[in-house]
Amino acid sequence: MQYLLHFCLIVMMALPLTVIAEEKPSPLSYDLQVSIEPEAGAIAVRGSLEVSLENANATTLKFNLHETFAISKLLVNGKEATFTYESTEGHSLFPASRVVVVTLPTGAPHGKVFMNIAYSGRMKI
């Protein structure tokens, strides 16, 4: 059961990145540390991702995150990044999620983004 939860979390983190982002990013690698409290339904994730962007001049990066999760830390290329949330209303593929829009820092290496993220929350049942 725990392996299934890990797999689902990886898919939740990586798959939406390629599906809805305007820049069509592709995850090159990711490393996730996941803490699951089954009885409480709580999940905490710390992760590192390397993402390749199709548009080397992109100014934002979008990905989906479950609507009950809150981001506590987000670094892009080692710098704190600003982000906002957008609704996914009208997107039936991920109905219990919201879009995270990350503003990419200026001077980023063209075509690649290194992101460190920490988020947590409780899953809706």
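This is a predicted model: local features need pLDDT of at least 70, side-chain atom pairs count only at pLDDT 80 or more; totals for chains, interfaces and linings use all residues.
**Notebook: strands, rings and a buried leucine**

I started with the sheet: three strands make up an open sheet, ordered S3-S7-S6, and their pairing is antiparallel. The edges are strand S3 (60-66) and strand S6 (83-87), each of which pairs on one side only. From one strand to the next, the twist averages 30°.

**Entry: S3 against S7**

I looked up how S3 meets strand S7 (residues 97-103), and found seven bridges joining the two, which run antiparallel. Which residue stands opposite Thr 60 in S7? I found Thr 103 there.

Is Asn 64 buried or exposed? Its relative accessible area is 3%, and buried means under 20%, so Asn 64 is buried. Its side chain has a polar contact, at 3.0 Å, with the side chain of Ser 97.

Next I turned to strand S1 (residues 26-37) and strand S2 (residues 42-52), which run antiparallel and are joined by eleven bridges.

**Entry: aromatic rings**

How many aromatic pairs does a search of the whole structure find? I got two. One of them is Phe 69 with Tyr 119, a tilted pair with 5.4 Å centre to centre and 35° between the planes. Why does this pair tie together parts that are apart in sequence? Phe 69 lies in strand S4 and Tyr 119 in strand S8 (residues 112-122), so the pair links parts 50 residues apart in sequence. I then looked up the accessibility of each partner. Phe 69 comes out at 0% relative accessibility and counts as buried. Tyr 119, at 4% relative accessibility, counts as buried.

Phe 83 and Tyr 85 also form an aromatic pair, and this one is edge-to-face, with 5.7 Å centre to centre and 85° between the planes. Here I found a relative accessible area of 28% for Phe 83, so that residue is partly exposed. Tyr 85 counts as partly exposed, at 32% relative accessibility. I also checked what lies over the face of Tyr 85, and found Arg 98 at 3.6 Å from the ring centre.

**Entry: Leu 74**

My last stop was Leu 74, which lies in strand S4 (residues 69-76). Leu 74 counts as buried because its relative accessibility is 4%. Which residues is Leu 74 in contact with, leaving aside its neighbours within four places in sequence? I wrote down Lys 79, Glu 80, Ala 81, Phe 83, Val 102, Met 115, Asn 116 and Ile 117. Phe 83 in that list is also the ring that pairs edge-to-face with Tyr 85.

I looked up one C-alpha distance as well: Leu 74 and Tyr 119 are 45 residues apart along the chain, and their C-alpha atoms are separated by 8.8 Å. Tyr 119 was already in my notes as the ring partner of Phe 69.

Note on methods. Residues are numbered from 1 along each chain as its sequence is written. Side-chain values use heavy atoms; hydrogens and water are left out. Two strands pair if DSSP finds at least two bridges between them. Helices (H or I, at least four residues) and strands (E, at least two) are DSSP runs, numbered from the N terminus. Buried means under 20% relative accessible area, exposed over 50%, partly exposed in between (1.4 Å probe, protein chains only). Contact means heavy atoms within 4.5 Å. Axes are lines fitted to C-alpha atoms, for helices over the stretch in contact, and angles run from 0 to 180 degrees between N-to-C directions. Rings of Phe, Tyr and Trp (its six-membered ring) pair if their centres lie within 6.5 Å; planes under 30 degrees apart count as stacked, over 60 as edge-to-face and the rest as tilted. A charge sits over a ring if NZ of Lys or CZ of Arg is within 6 Å of the ring centre and within 35 degrees of the ring normal. A polar contact is a pair of N or O atoms within 3.5 Å; within protein, one must be able to donate a hydrogen and the other to accept it, and residues adjacent in sequence count only if both atoms are side-chain atoms.
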